[in-house]
Amino acid sequence: MNKIKLMSIMKKKPKAENLQSWSKTVERYAPDMYDLLYGIGRKDSLKKVDELHPELVLLLSATDGNLQEGRQMVKEIKQLSSRTMVFVVFDMLDDEEEVFGEYKEAGAYKCYTSPASMDALFHDMYVALNME
């Protein structure tokens, strides 16, 4: 069975221990299921989405305060790879419901505020891929 491509998109390169921690988390929740990919910044991430067409994208700390930039990123991911399911994790939001609605209109499948429940995230990824 081919592994599902799960791409995490971040603003800057994470520390090695954070990547290792994420890898262990993914393995704990979904052993041998995902091929982990990473995109750093807008240009690198969009190039990789276009080339690799991941089934799932996890956009982390999507905006650093710039909500319009994050929404645009979601739109561009969906334009490059329409079947990709985009999950967005925000640090903190003032008007969570409104922002989540705007991101869903842009093409996001699901939005969370940090810290996101790993149980909920992995369950939602299964649902998004019709695996449940």
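Ala128 sits in helix α5, which covers residues 118–128. The structure shown here is a predicted model, so everything below is read from predicted coordinates.

Next come the strands. Strand β4 takes in residues 85–90 and is mostly covered, with 5 of its 6 residues buried. On one side of the bookkeeping is strand β3 (residues 56–60), which pairs with β4 in the parallel sense over 5 bridges. Leu56, for instance, has Met85 of β4 as its bridge partner.

Now for the helices. A pair of packed helices is described by two things, the angle between the axes and the distance between them. For helix α2 (residues 41–52) and helix α3 (residues 67–80), the angle is about 20° and the axes are 9 Å apart. That makes α2 and α3 roughly parallel. The crossing of α2 past α3 is right-handed. On the α2 side, the contact is built from Gly41, Arg42, Ser45, Leu46, Val49 and Asp50, while α3 brings in Glu69, Gln72, Met73, Glu76, Ile77 and Leu80. Sorted by class, this contact holds 5 nonpolar, 3 polar and 4 charged residues.

Helix α3 has another partner in helix α4 (residues 96–106): their axes come within 8 Å and cross at roughly 25°. What does that make the pair, parallel or antiparallel? Angles under 35 degrees count as roughly parallel, and α3 and α4 are therefore roughly parallel to each other. This crossing is right-handed. From α3, the residues involved are Leu67, Gly70, Arg71, Val74, Lys75 and Lys78, and they meet Val99, Glu102, Tyr103 and Ala106 of α4. By class, that contact splits into 5 nonpolar, 1 polar and 4 charged residues.

Conventions
Residues numbered from 1 in each chain as written. Predicted model: local features only at pLDDT ≥ 70, side-chain atom pairs only at ≥ 80, totals over all residues. Heavy atoms only, no water. Axes fitted to C-alpha atoms, helices over the stretch in contact; angles between N-to-C directions. Helix = DSSP H or I, 4+ residues; strand = E, 2+ residues; numbered from the N terminus. Parallel < 35°, antiparallel > 145°, perpendicular 65-115°, else oblique. Left-handed = near helix turned anticlockwise from the far one by under 90°. Contact = heavy atoms within 4.5 Å. Nonpolar A, V, L, I, M, F, W, Y, C, P; charged D, E, K, R; others polar. Buried < 20%, exposed > 50% of the residue type's maximum accessible area, 1.4 Å probe, protein only. Pairing = 2+ DSSP bridges.
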